[in-house]
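Please consult the sequence and the structure shown here while reading.

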Amino acid sequence: MGEYDFVMDRIEVLDALARTPLSMSGAMAVHDATLEAGGDDWTAADIIRHMRAADAIISHRLWAMLVRDDAPLIAYDEREWGLLIAAAEMVLVVQVESLRLRRVELLAMLKSLTDDAWSRTAAHETRGEMKLLDVAHMLAEHEVEHCLQLDALSTRPAM
């Protein structure tokens, strides 16, 4: 899996995916009124919206891979998806709760899979053939990166 910054096995992927909603909720509690505050950098709200968009895209791919042989995995721009979410002006706590509920369902499904299911493949528009574990790893790694970003914002001194 050379394209990833770090390698996680299936259990580590599941653990990382389970921690994400908790990290997002924790960031909301820490930032509270300052979720939208920030200069040129991403705000906590920007990060949460971006993570919500990536989840919507990548989680769907996991389901698609399990219900269709050689499922086509369409390449979407999660930043554009996030802009649509922002434009809808959904309250952030609702977005995080939505992700949390979807994540409970996703994790239950992933934990029920056989070894063969984890090896199912699909064709991504730009990345080529990918295994289900690769796609789950991509989501987990992306979320770990942004949870660390949220943590860094939490420890940044107030201005």
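Of the 159 residues of the protein, 43% count as buried; here buried means under 20% relative accessible area, exposed means over 50%, and partly exposed lies in between, with a 1.4 Å probe and protein chains only. The model is a predicted one, in which local features need pLDDT of at least 70, side-chain atom pairs count only at pLDDT 80 or more, and totals for chains, interfaces and linings use all residues. Residues are numbered from 1 along each chain as its sequence is written, and side-chain values use heavy atoms, with hydrogens and water left out.

**Overall architecture**

The protein contains six helices and three strands, and along the sequence these elements follow the pattern α-α-β-α-α-α-β-β-α. Helices (H or I, at least four residues) and strands (E, at least two) are DSSP runs, numbered from the N terminus. The accessible surface comes to about 8,900 Å², and 54% of this surface belongs to carbon and sulfur atoms. Accessible areas come from the Shrake-Rupley method with a 1.4 Å probe, and for residues only the protein chains shown count as cover.

Contacts, defined as heavy atoms within 4.5 Å, also describe the fold. Among contacts between residues at least 6 apart in sequence, 77% join residues at least 24 apart. A separate pair of positions is V30 and L150, which are 120 residues apart in sequence and 9.8 Å apart in space, C-alpha to C-alpha. V30 lies in helix α1 (residues 10-31) and is exposed, with a relative accessible area of 52%.

Of the 24 residues of α2, 19 are buried, so the helix is largely enclosed by the rest of the structure.

R61 is placed in helix α2.

D70 belongs to the loop between α2 and β1 (72-73). Although D70 is not a glycine, it has a positive phi of about 50°. D70 is exposed, with a relative accessible area of 57%.

**Salt bridges**

A salt bridge is a side-chain nitrogen of Lys or Arg within 4 Å of a carboxyl oxygen of Asp or Glu. By this rule the count comes to seven.

| Pair | Closest N and O atoms |
|---|---|
| D115 and R10 | 2.8 Å |
| E143 and R103 | 2.7 Å |

The pair of E143 and R103 forms a salt bridge. E143 lies in helix α6 (residues 132-155) and R103 in helix α4, so the pair ties together parts that are 40 residues apart in sequence. E143 counts as buried at 0% relative accessibility, and R103 counts as buried at 1%. Salt bridges that share partners join D55, R102, R103 and E143 into one network.

D115 and R10 form another salt bridge. This pair links distant parts of the chain, with D115 in helix α5 (residues 115-118) and R10 in helix α1, 105 residues apart. D115 is exposed at 53% relative accessibility, whereas R10 is partly exposed at 27%.

E97 and R100 both lie in helix α4, three residues apart, about one turn of the helix. E97 is partly exposed at 33% relative accessibility, and R100 is partly exposed with a relative accessible area of 33%.

**A nonpolar surface patch**

M90, V91, V93 and V94 form a nonpolar patch on the surface, with about 330 Å² of accessible area together. Patches are made of residues with over 30% relative accessible area and no salt bridge; like charges are joined within 9 Å, and nonpolar side chains (Val, Leu, Ile, Met, Phe, Trp, Tyr) within 5 Å. V94 is found in helix α4 (residues 92-111) and is partly exposed, with a relative accessible area of 43%.
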